[in-house]
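Here's a quick tour of charged side chains and who they pair up with. Have a look at the model first, then read on.

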Amino acid sequence: MTKATKQGDSGKRAADAGTDDANHVGEGGELHQTASGEHPPLTTNQGVAVSDDQNSLRAHPRGPTLLEDFILREKITHFDHERIPERIVHARGAAAHGYFELTQSLSKYTTAKVLTEVGVKTPVFTRFSTVAGGAGSVDTPRDVRGFAVKLYTKDGNWDLVGNNIPVFFIQDAIKFPDLVHAVKMEPDRGFPQSATAHDTFWDFISLTPEAMHMVMWIMSDRTIPRSLRMVEGFGVHSFRLVNAAGDSTFVKFHWRPKLGLQSTIWDEAVKIAGADPDFHRRDMFEAIAAGQYPEWDLAVQLFTEEQAERFEFDHLDATKLIPEEMVPLQVVGRMVLDRWPDNFFAETEQVAFCPSHLVPGLDFSNDPLLQGRLFSYLDTQLSRLGSPNFHNLPINAPKCPFANHQRDGHMQTGIPRGRVAYEPSSLQSDSPREAATHGFRSVPRIEQGERGRVRAASFADHYTQARLFYRSQTPYEQAHIASALVFELSKVDHVHVREAMVGHLRHIDEPLAKRVADGLGLEELPPAPASSRPVQDMAPSPALQIIGKMKDTLEGRSVGILITDGSDAKALAAVKEASVAAGASVKIVAPKVGGTKLSDGETVSADGQLAGTPSVLFDAVAILLSEDGAKRLSKEAAAVDFVRDAFGHLKAIGVDSGGRALQKAAGVPTDAAGVVAADDVTRFISAAKTRVWDREASVRTLA
Ligand code: HDD
């Protein structure tokens, strides 16, 4: 029996107190601890009950440990092997279970049940990730976010392995190892961790003109999202939908967050990394626990081969997008994530996504990046999960029946029965055979042309869509892109690399190049690299902005209220009530987490202690202080920073008279936009729903 071992007097006391987790010492002084309550017995992996899990087997009380101790050896051996290789990219991630529900049938275009059976809920497991950092890195670096969805459909598993950006750095998978080696920590020094701001990344990028469109996206605030619930997802490549007649239509997949898009500001992202390295996973965990399930629409862009031929770009080139204004999005379903995994390792870590996991009714396109991916993922799972049987892990196994003649291998957990492990066969009636009528079929196509290591000429325009993206942004977003470029390139020691990048920017947008050159202190504008393709001016696409897609709501957002002893109880109740009614989650921040005595004598406990809960963790803040509290907090750096950062990060600030005193101490002007009287809750809520962009010029010198 586990818990009952050597329970002494103090154990009895804890049991009497009724606490299950109370530590206490056992008989013989402090030699054995246990907690009270009934529990199932602890056993070895062979099911042998363990009588003592705290003392290894010794020759005598002060003697050597015996090799015979199989309980010790089993426990330590298992522990020694608990880690598996982390993902070479996308190592840090968080995931959740949920479902996909089709709202519009695509039966005209495809036979895939998941896209034709309206109202059916298909289980999904969706993992979000950063790309460059290791599994233990932080959640908020400037980085692309992976957006990988495993749909356990009736036709088999379909993995839509995308990102929060619709284009990619490179056109051909053969360059992927170079890209990843360039972005990850530099091999001689082992840093930086999860940052693109270093020499090898920009060296590679400056020599890779095809990356310029993606560079515009990664330098935008898309790569510093406020929440994983507020990112878009893209399948990136063109795929094919295939109908019953065998006709195919091209498709691009888009996930659109119900909460709209929202990003942080760079200074905010930097500070969040220190305040809460788990900011994004905690945010999703808490939202799901509160029943505020993250939700996305699935939208498709459908187009024919003939339409594709009329595009001015090649849709098979993953560095290009199809503007929505050109091929509109049709919403066909929604994904809701409503369950956090039970076990991080078993599910989030062991889930294995492969773009090659496709179901009948879908097919690949000839995008050379996609074609390379079809090989890479299956291959990486073999070494990461250690066995060709990784599909038997519960998180990876299809939820529809599956059977074939593959056998054996490391960690075969199934027990295949019968004599027949081959096909064709006639000996066993339940042995699986090909499904001629509904099995997966590739679209028959005539492939013609000269074999060779070549790239299509239609892939040669590297700047037009980079320009499209940049020129489609609001002035605020353009300023952030320019500043991000200055920040990143300022971290690059090699001047020629900085200059080469500015040269590329000249093709994209001359004023942007000048802005960045100026920010870098370059005396002369470096020459633009040779380009055989004249850059085209496409019609701006406002759909590429973030600001325009931020929703006018507090839903999914959070309000932090700073209080001290003596804070006005009514004001606190009013701000809290209005914020919750508007859909926000509210957290109280105070110098002491245990209890703050309000003006009415009531004591409230805080959700966060001031020093560990800065305003970067909220979307809007209210400062409700007694006169005395304001005096004390005006001398407290964490409180002054609380206000100053909220102001610098363009957040609404609600203040009462004590709050105004702290505002003054923080040097925030009394008439500043977005700083409102806390008792005017309607105004506070309306200001809290957005960022106060007009304030930016007064708080930051952007490039
Ligand atoms: Fe990749 C993981 C997304 C190009 C090779 N990739 C990985 C994940 C995402 C993407 C979201 C994490 C999946 C998870 O959560 O487990 N990758 C993309 C997108 C790409 C892309 C949207 C371009 C459109 N990737 C790409 C190429 C290659 C790879 C061109 C190699 C030729 N990717 C991998 C990988 C990973 C991976 C090495 C690492 C861990 C894993 O697969 O399971 O195989």
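Which residue forms a salt bridge with Asp-188? That would be Arg-189, with the closest N and O atoms 2.7 Å apart. Keep in mind that this is a predicted model. In total, the structure holds 39 salt bridges, and a few of them are picked out below.

- Asp-188 counts as exposed, at 60% relative accessibility.

**Arg-455 and Glu-210**
- These two side chains meet in a salt bridge, 2.8 Å from N to O.
- Arg-455 sits in the loop between α10 (368-385) and α11 (464-471), while Glu-210 sits in the loop between α4 (199-206) and α5 (212-218), so the pair ties together parts that are 245 residues apart in sequence.
- Glu-210 is buried, at 5% relative accessibility, since the cut-off for buried is under 20%.
- Arg-455, on the other hand, counts as partly exposed at 41%.

**Arg-339 and Asp-342**
- The side chains of Arg-339 and Asp-342 also meet in a salt bridge, at 3.8 Å from N to O.
- Asp-342 is exposed, with a relative accessible area of 69%, whereas Arg-339 is partly exposed at 39%.

**A network**
- Salt bridges also link up into a network made of Arg-92, Asp-139, Asp-276, Asp-278 and Arg-282.

Note on methods:
Residues are numbered from 1 along each chain as its sequence is written. This is a predicted model: local features need pLDDT of at least 70, side-chain atom pairs count only at pLDDT 80 or more; totals for chains, interfaces and linings use all residues. Side-chain values use heavy atoms; hydrogens and water are left out. A salt bridge is a side-chain nitrogen of Lys or Arg within 4 Å of a carboxyl oxygen of Asp or Glu. Buried means under 20% relative accessible area, exposed over 50%, partly exposed in between (1.4 Å probe, protein chains only). Helices (H or I, at least four residues) and strands (E, at least two) are DSSP runs, numbered from the N terminus.
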